[in-house]
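The sequence and coordinates are shown first, and the description follows.

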Amino acid sequence: MNRFRTAVILAAGLGWAGFAGARLPDDPPACDLATIASLDYCPGCQIPVEKEALNKKGEHVDCETRPVKADFCLKTFHLCAACGARAEGPGKCATCKTNLVPQVAKSKIVYRCKNCAGRSDQPKACDQEGCEGKGKPYAKTCADSGAPPHVRKK
Ligand SMILES: [Zn+2]
Ligand SMILES: [Zn+2]
Ligand SMILES: [Zn+2]
Ligand SMILES: [Zn+2]
């Protein structure tokens, strides 16, 4: 569980009175969006789809929806195939000493209000009545921002 999401959920539960003026903590730090790529994305399943997952008509085989291009934040991490442990860098698993395999964690680029739970797939300004950020543009981030490996590189 990451604290960024917890804060959003708690704030929504408190209502606007309890949340007025409150800032979301910058801990864990938000994702630095260091690598952004345009990928094929299935709007039906809400996942990025590889070429192998498309049928002859260019549709996603699972749902027959045509993918669209969407921006994703890409973060490399290393996974132990034996025990499932994750590590930032390459090498051997700290737990079972198996060689780690590089993986890419893809997270959709989204836009969020820093002051309320407002979120959108497209750039927009907050239109939430009573929000301190009303009229201000949403901040660009990724859907998994704050959850490793989607954090700022130290
Ligand atoms: Zn699909
Ligand atoms: Zn392991
Ligand atoms: Zn807002
Ligand atoms: Zn990210």
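## Strand pairing around β5

Two strands pair if DSSP finds at least two bridges between them. Helices (H or I, at least four residues) and strands (E, at least two) are DSSP runs, numbered from the N terminus. By this criterion, β5 and strand β7 (residues 139-142) pair in the antiparallel sense, with four bridges. One of the residues involved is Y111, whose bridge partner in β7 is K140.

Strand β5 (residues 100-112) also pairs with strand β3 (residues 68-80), in the antiparallel sense and over nine bridges; here F77 has Q103 in β5 as its bridge partner. A further antiparallel pairing, over two bridges, joins β5 to strand β6 (residues 119-120). Within β6, S120 is the bridge partner of Y111. Six residues lie between β5 and β6, and the two strands form a hairpin.

## Basis of the model and confidence

The model is predicted: local features need pLDDT of at least 70, side-chain atom pairs count only at pLDDT 80 or more, and totals for chains, interfaces and linings use all residues. Residues are numbered from 1 along each chain as its sequence is written, while chains are lettered from A and ligands numbered from 1 in the order in which they are written.

The predictor's confidence in each residue, from 0 to 100, is its pLDDT. The average for the protein is 85, and 81% of the residues score at least 70. Over residues 1-23, pLDDT stays under 50, and the model has 22 contacts beyond four places in sequence for them.

## Overall architecture

One helix and seven strands are present, in the order α-β-β-β-β-β-β-β along the sequence. Two residues are in contact if their C-beta atoms, placed from the backbone, lie within 7 Å. Of the contacts with a separation of 6 or more, 48% are between residues 24 or more positions apart.

## Burial and core

A residue is buried if 20 or more other C-beta atoms lie within 10 Å of its own, exposed if 12 or fewer, and partly exposed in between, with C-beta atoms placed from the backbone. Buried residues account for 17% of the 154 residues.

A nonpolar core is a set of buried Ala, Val, Leu, Ile, Met, Phe, Trp, Tyr and Cys residues joined through C-beta atoms within 7 Å. The largest has five residues, namely C31, F72, C73, I109 and C142. Beyond its neighbours within four places in sequence, C142 is in contact with C31, L33, C73, S107, K108, I109, V110 and H150.
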